[in-house]
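Visitor: Can you walk me through this one? I'd like the helix packing, then the aromatic rings.

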Amino acid sequence: MADPSRTVVPARHQHPLIDDLGLVAARHADRLLAAARERGHARWTAYLEPLPDRLRDDDLRGLRAAALRARAAYGPKDSIRDALPADLTEPFLESLDRLLREINRSKG
């Protein structure tokens, strides 16, 4: 018998739009990570390193956590925007916001 205290998290493939949005965000994260490495931004490289794989592979709960972690890089006092070009940071931000909106919508 299944443990009633365990929460069942739907698989990503059950939400194809969310899965696709996660993959788009992962591709943007890959580009940002490459730029951070190229420019020698060790701090942003370390921050970004786990995100592409998490955005590609995590279940819905992990995907939301990864997107929120990535979104936190756009802080009011300390932002990835200060270190990397807008043509990389802004598409990533837009993809994260779209992903988070869709995850939140799927809960309701």
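Guide: A definition before we start: axes are lines fitted to C-alpha atoms, for helices over the stretch in contact, and angles run from 0 to 180 degrees between N-to-C directions. Also, this is a predicted model.

Visitor: At what angle do helix 4 and helix 5 pack?

Guide: About 145°. Their axes are 10 Å apart. Helix 4 covers residues 60–71, and helix 5 covers residues 86–107.

Visitor: Is that crossing left-handed or right-handed?

Guide: Left-handed.

Visitor: Which residues meet there?

Guide: From helix 4, Leu 63, Arg 64, Ala 67, Leu 68, Ala 70 and Arg 71. From helix 5, the list includes Phe 92, Leu 96, Leu 100, Ile 103 and Lys 107. The residues of this contact divide into ten nonpolar, one polar and four charged.

Visitor: Now the rings. How many aromatic pairs are in the whole structure?

Guide: One. The rings of Trp 44 and Tyr 47 have centres 5.5 Å apart and planes at 75°, so the pair is edge-to-face.

Visitor: Where do Trp 44 and Tyr 47 lie?

Guide: Both are in helix 2, residues 42–48. They are three residues apart, about one turn of the helix. Trp 44 is buried at 6% relative accessible area, and Tyr 47 is buried at 16%.

Visitor: What sits over the ring of Trp 44?

Guide: The charged end of Arg 43, 4.5 Å from the ring centre.

Terms used. Residues are numbered from 1 along each chain as its sequence is written. This is a predicted model: local features need pLDDT of at least 70, side-chain atom pairs count only at pLDDT 80 or more; totals for chains, interfaces and linings use all residues. Side-chain values use heavy atoms; hydrogens and water are left out. Helices (H or I, at least four residues) and strands (E, at least two) are DSSP runs, numbered from the N terminus. A crossing is left-handed if the near helix is turned anticlockwise from the far one by less than a right angle, and right-handed if clockwise. Contact means heavy atoms within 4.5 Å. Ala, Val, Leu, Ile, Met, Phe, Trp, Tyr, Cys and Pro count as nonpolar, Asp, Glu, Lys and Arg as charged, and the others, Gly among them, as polar. Rings of Phe, Tyr and Trp (its six-membered ring) pair if their centres lie within 6.5 Å; planes under 30 degrees apart count as stacked, over 60 as edge-to-face and the rest as tilted. Buried means under 20% relative accessible area, exposed over 50%, partly exposed in between (1.4 Å probe, protein chains only). A charge sits over a ring if NZ of Lys or CZ of Arg is within 6 Å of the ring centre and within 35 degrees of the ring normal.
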